Amino acid sequence: MGIKERRAKILLAFCLLGGKSAKAVEIDEIFLKVFDLSLNQKTKSTIQALIKKGSLVADESKKSTYTLTDVGFAEVGTEFPYFRFLKHDWDGVWRVLSYEIPEKKRELRDRLRREVASWGLGPWHRSFWLTPHPIIADLKNLVSGKEEQQYVQAFEASHVFGDEEVLIEKVWGKIRLGELYKSLFKEWHDILSKDMAKVDKFTMIVNSYTNVIRVDPGLPKELLGKAWIGYEALDLFSEIKEILLSQA
């Protein structure tokens, strides 16, 4: 799995396995295998931290079973913006981030880019980044009191003129992203055709899905349309999950 951070893995696992209705999920052998985790002290401590924050709620009637809360879903949406507008409506507001950090401060620039990489931002013009996601509060928390704060400007605006289809293609490459999903579907077909254990197939399905949603900016249906292939991917993933895990 291409995700190294333990907290992100656990939150993604609950989001994918719990589905749209956020069903309770047991941390069992399949959970650990698919998401490349072990139930060691670090994992247990991370789970307890998520419970304390309110991101997970323990099921008192079932051992090692938890439910992803709205707080947890919001946290998933920060790491994987693909999910946010599957549950919440877009407020119609665009966020514009601008930063011009001198070359001699390259380490600050690179650090900022790494921090905001999962916020669904797309390059609009030189030093200007655009996103429909509500990132302003996170941005303030990220740079407040730090050296890079002096180089950062952020704006909120509404779109009043111009072709949004042209804008979306220029900033996020909608056509290329659609091709990634088509390739993903073909990969899933090939995986399902393999002669191997169901759990191993599901692990490969999750890994390939994660690789795509990591680069999906998670644009709302108002911009993509209800028939967007990324939404179809989630429905297909849910079907595959039910088939493979029910027979595991």
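Before I start, a cut-off to keep at hand: I call a residue buried under 20% relative accessible area, exposed over 50%, and partly exposed in between. I also remind myself that this is a predicted model.

Entry one, backbone. I looked up S64, and its relative accessible area is 24%, so I file S64 as partly exposed. It sits in the loop that runs between β2 (56–58) and β3 (65–68). Its phi is positive, near 60°, and S64 is not a glycine. I noted D36 as well: phi there is about 55°, again positive in a residue that is not a glycine. D36 belongs to the loop between α2 (29–34) and α3 (41–53). I wrote these down because most residues other than glycine have a negative phi.

Entry two, surface. Which residues make the nonpolar patch of about 270 Å²? I get W124, F128 and F155. I followed up on F155, which lies in strand β7 (residues 152–157). Its relative accessibility is 41%, so F155 goes down as partly exposed.

Entry three, cavities. I searched the whole structure and got three cavities of 30 Å³ or more. What lines it? My list reads Y82, F85, L86, D216, G218, L219, L224, W228, G230 and Y231. The elements giving two or more residues to that lining are α5 (84–87) and α12 (229–246). Sorted by class, I have seven nonpolar, two polar and one charged in the lining.

Key:
Residues numbered from 1 in each chain as written. Predicted model: local features only at pLDDT ≥ 70, side-chain atom pairs only at ≥ 80, totals over all residues. Heavy atoms only, no water. Patch = residues over 30% accessible without salt bridge, like charges linked within 9 Å, V, L, I, M, F, W, Y side chains within 5 Å. Areas by Shrake-Rupley, 256 points an atom, 1.4 Å probe, with all protein chains shown as cover. Salt bridge = Lys/Arg side-chain N within 4 Å of Asp/Glu carboxyl O. Helix = DSSP H or I, 4+ residues; strand = E, 2+ residues; numbered from the N terminus. Buried < 20%, exposed > 50% of the residue type's maximum accessible area, 1.4 Å probe, protein only. 1 Å grid on protein atoms, 1.4 Å probe; cavity = no way out; pocket = protein on both sides within 12 Å on 5 of 7 lines; lining within 4 Å. Points joined across faces, edges and corners; volume = space filled by probe spheres on them. Nonpolar A, V, L, I, M, F, W, Y, C, P; charged D, E, K, R; others polar.
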